[in-house]
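Colleague: I would like to learn how to read side-chain contacts in a model. Can you take me through one, feature by feature?

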Amino acid sequence: MQRSFSYQNVINRLLLVGLYVVYISLSSIYLLLPPMLAILFYAYHDALSKHDLFRLITVSAMLLVFEADKGFWFGSTIIFFTLLSRYLLPKFEQVIQCRICMAAIFSVLGYLGYWTFMWSANGILLLHSPMIDWHSGLYMIIEFLILSVVI
């Protein structure tokens, strides 16, 4: 009798979340390591569009780790990415069929769109606005290159 590995997917995803926790901690120390926000945005959109609940929970946990490490609101990335995935990205996908163009859209919306969302929400609530620096441009370029291969 052979044993089935029914929990292999769960163990792989938990290992992936653990590796991401280590990586995001290193990206806070070494500023040239991108926090992989655009890649998480693509993974979140892909899981949401394919109705894959377990992958959606895994990516949401990674997004919550990102928020906790960078000092953003709890759940703000999930709210922002859900709004984009439900209302804006389906219109882009109908019009644009280019993979490289979609990778650029994910990179720009992941970084500049999220910064604009946080800036406007913090402005409305009279809180301190997040800062943006030249590292964000470097992060967008690196993640654009990664996403252009992945998509």
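**Salt bridges, rings and a patch**

Modeller: Start with lysine 70, which forms a salt bridge with aspartate 69, the closest N and O atoms being 3.6 Å apart. This is a predicted model: local features need pLDDT of at least 70, side-chain atom pairs count only at pLDDT 80 or more, and totals for chains, interfaces and linings use all residues. Residues are numbered from 1 along each chain as its sequence is written, and side-chain values use heavy atoms, with hydrogens and water left out.

Colleague: What counts as a salt bridge, and how many salt bridges does the rule give?

Modeller: Side chains of opposite charge can pair when their charged atoms come close. The cut-off: a side-chain nitrogen of Lys or Arg within 4 Å of a carboxyl oxygen of Asp or Glu. The count here is 3.

Colleague: Which residues do shared partners join into one network?

Modeller: Asp46, Lys50 and Arg55. Aspartate 46 meets arginine 55 at 2.3 Å, N to O. Aspartate 46 also pairs with lysine 50, with 3.5 Å between the closest N and O atoms.

Colleague: Is aspartate 46 buried or exposed?

Modeller: Buried means under 20% relative accessible area, exposed over 50%, partly exposed in between (1.4 Å probe, protein chains only). Aspartate 46 has 14%, so it counts as buried. Lysine 50 has 56% and therefore counts as exposed.

Colleague: How many aromatic pairs are found?

Modeller: Rings of Phe, Tyr and Trp (its six-membered ring) pair if their centres lie within 6.5 Å; planes under 30 degrees apart are stacked, over 60 edge-to-face, the rest tilted. The whole structure holds 12 such pairs. Take phenylalanine 72 and tyrosine 114: centres 5.2 Å apart, planes at 85 degrees, so edge-to-face. Phenylalanine 72 sits in the loop between helix H3 (53-70) and helix H4 (76-95), and tyrosine 114 in helix H5 (residues 99-124), so the pair ties together parts 42 residues apart in sequence. Helices are DSSP runs (H or I, at least four residues), numbered from the N terminus. Tyrosine 114, at 3% relative accessibility, is buried.

Colleague: Which residues make the nonpolar surface patch?

Modeller: A patch takes residues with over 30% relative accessible area and no salt bridge; nonpolar side chains (Val, Leu, Ile, Met, Phe, Trp, Tyr) are joined within 5 Å. Areas come from the Shrake-Rupley method with a 1.4 Å probe. Here Tyr7, Val10, Ile11, Leu14 and Phe54 make a patch of about 510 Å². Helix H1 (residues 8-29) gives the most, with 3 residues.

Terms used:
Patches are made of residues with over 30% relative accessible area and no salt bridge: like charges are joined within 9 Å, nonpolar side chains (Val, Leu, Ile, Met, Phe, Trp, Tyr) within 5 Å. Helices (H or I, at least four residues) and strands (E, at least two) are DSSP runs, numbered from the N terminus.
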